[in-house]
Amino acid sequence: MADQNVPPRRPRDDRGWDGRPHPAADGYRDTFPPAPYGYDAPAQRPVDPRTPPYAHAGHPAPRGPQWVGPDGFARQPAVPSAGAGLPNLDDDDEPGRGVGRRRALAALGGTAAVVAGGAALAMTPQIRGLFGDDVVAGDATGTTVTDGTPARPSGQQPSTVRTYTEQNESYMGSRAGEALKKNNPAGGRTFSGPAAAAAETKVTVKTVLAKDPVLHLARRATFGVTPQVVADISERGIDGWLRWQLDPEKIAPTKAELKLAELPTLKLSTAQLREQRDQLNERGAHPEKEMVDATIARQIWSKRQLFEVMVDFWNDFLHVAADFDGGEVYRASFDRDVVRAHALGSYPEMLLAANRHPALLLYLNQNDSRADAVNENLARENLELYSVGVDGGYTEKDVRQAALLQTGRGVNDGKYVFRPERHYVGKVKILGFTHANNSKDPKKAEAAIDAYLTYIALHPSTAKYVAQSLATRFVSDTPPKSLVDRLARTYTANKGMIKPLLMTLFSSSEFWAAVGQKVRRPMEYLVATYRALGVAPDASPKHDNGDNKRTPYARGLRQIHDKMRELGQYPMGQPTPDGYPDVYVAWTSAGTIVNGWNEAGDLIAGNRTNFTYARPEQLVARPPATAGAYVDALALRLVGQKLSARERSLILGVAGVSAGTKVDATFNGAVTAVARAILASPQHHLR
């Protein structure tokens, strides 16, 4: 990944991300500051921005174009966060209760241990070195190559030297990752449609989840099973439901989505956010946080569930952090005008739009790049993260030529601009793309850049990388090569259109055979819990009146947002450009899993008073009179299926009763503990 430049001081609105939290006077200091991008680990010391980037660590200022080069000074290893430790459960073992609740919960959740440490496990990029340039002016394709370091050897592909890897792959190379591969279905085929694939595919993997195609689709294509989702799929049929979801403009907004009008900054343009910065600060408004709040609301309550799943996917793939310096002004527009505008459209068009958007240009310091002082951050990430991937065939020389080609693009007065005086003119060759690039005329120069971006967006390596990422999200942490290859062919044949890609995925036997092969990440677990409990967006009569600046709905969304930060994952929260990892072994933390269970307990008890909840004894319309039957009914309501005999026995132990014990609607006072235990089960952690 690209590391951080040390830019000179410049007006606030045109900054790239320097990694520092906003000063208190700006009113944007984060309650939970992310692991900063461009800081000195482990002491978190910001590099002095006044230090000339070409006179650092004893290096004199070289002649010719200056480079934010392939490697930095004093690279430090990532330092894991100590985290919050193991939260205490509020239900210690009690005499007469049989199996202790704490031990029972741990046993239930152990099968699907998922969670935390996104920030702790993230790489800590450092400042890159700067090197002279011996390439003949006007031709960046010369044979002399002076860039590169032992960590990133010049002229070689990353895949041949294996000095750094794609993020999910780096986790799956562990012993735990190897174990997961053993339960993955191999081979497969594409059917005439999703329903046909579901009907003809036999599930052979070992899993505690019900091998029901309706439940499987609901778990993978939404943020959590609800009775309404199951009813919709059953009524419309698998094919009809997917057609409905793939046309989200025709799906009416829910009450919760309409209530987003209570987040005042969502409807403001970038220009208005800049103009009203001081007033918003005085009111305690945080535009970048309200954008995240709105995303959480849509994940929980929107009926456009597949669209929201894809928005989250692209926000990890083409990632711009919500909390970068400038995010309060530009990130909401990036979400609206880049990701959401193209989430089910065309990836090449999304990449083109992103590379003209102030958020990306500032986040990766493209605004600082000019022909005589080239910043390679955006050029590198366009190759390594946003298109062909680390194994896509590019070399350090390709990165440098791409960085030269993209000079001139930047931000001025809050808007995208092209500065011809900063643009490098001369022939470039990148991954087989060749262009004369012989004009500073804005139309011609920008056409050359767009031609290059379109080329890499449609490159075979990009097709494979998108296919691998999509299959990892929807199928398993180790998706079968047969599926990845078919998805890549679909991507290429349809020139990067996303809907055909999804239809190929859902029409493949590998998708339907992979029941239970994904574990919910912390954010996904929390959202699925809100959905399972049927939490409503209206305030309860006991809601908190302590903050008159925001409505109960806005305060409630911020509470969820802050809890997700505690758990280590929230929408657009990864500070570095690689987005969150999407594999189980990256999220294993006992502390966070227990924290999630405690939050589920608070929700069941109705302790988040800014929303409305069904009382736990009302979750089942007609509670059975015996404990065993009641557990079955409650499990059907919360996770869509009965539990295994082992989980059922453990949950009865939580209540200290046997299956035949007579119980009332409150489960003899234990219904909250029983519901909470069901939400700690593998059946709720797996998706």
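Predicted model: local features only at pLDDT ≥ 70, side-chain atom pairs only at ≥ 80, totals over all residues.
Student: How many residues of α24 are buried?

Tutor: Buried means under 20% relative accessible area, exposed is over 50% and partly exposed is in between, using a 1.4 Å probe and protein chains only. In α24, which covers residues 522-532, the buried ones include Pro522, Tyr525 and Arg531. The helix is largely enclosed by the rest of the structure because the count of buried residues is 11 of the 11.

Student: What share of the 687 residues in the protein chain is buried?

Tutor: The protein chain has 30 helices and eight strands. Of its 687 residues, the buried share is 59%.

Student: Which residues have the most contacts inside the largest nonpolar core?

Tutor: A nonpolar core is a set of buried Ala, Val, Leu, Ile, Met, Phe, Trp, Tyr and Cys residues joined through side-chain atoms within 4.5 Å. In soluble globular proteins, nonpolar side chains tend to be buried together. Here the largest core has 171 residues, and those with the most contacts inside it are Trp314, Phe474 and Phe667.

Student: Which residues of α20 make the contact with α13?

Tutor: α13 (residues 305-317) and α20 (residues 460-474) pack at about 130°, with axes 11 Å apart; axes are lines fitted to C-alpha atoms, for helices over the stretch in contact, and angles run from 0 to 180 degrees between N-to-C directions. Since under 35 degrees is roughly parallel, over 145 roughly antiparallel, 65 to 115 roughly perpendicular and the rest oblique, the two helices are oblique to each other. Contact means heavy atoms within 4.5 Å. On the α13 side we find Leu306, Val309, Met310, Asp312, Phe313, Trp314, Asp316 and Phe317, and on the α20 side Tyr465, Val466, Ser469, Leu470, Arg473 and Phe474.

Student: Are α27 and α28 roughly parallel or roughly perpendicular?

Tutor: The axes of α27 (residues 627-639) and α28 (residues 645-655) come within 10 Å and cross at roughly 115°. That angle makes the two helices roughly perpendicular.

Student: Which residues of α28 make that contact with α27?

Tutor: From α27, the contributors are Ala627, Gly628, Ala629, Val631 and Asp632. From α28, they are Arg648, Ile651 and Leu652.

Student: Is Lys563 buried or exposed?

Tutor: Lys563 lies in helix α25 (residues 552-567). Leaving aside neighbours within four places in sequence, Lys563 is in contact with Leu526, Asn595, Glu599 and Arg608. With a relative accessibility of 12%, Lys563 counts as buried.

Student: What is the relative accessibility of Asn365?

Tutor: Asn365 is found in the loop between α16 (358-363) and β4 (373-375). Although Asn365 is not a glycine, its phi is positive, about 65°. Most residues other than glycine have a negative phi. Asn365 counts as buried because its relative accessibility is 0%.

Definitions and conventions: Residues numbered from 1 in each chain as written. Heavy atoms only, no water. Helix = DSSP H or I, 4+ residues; strand = E, 2+ residues; numbered from the N terminus.
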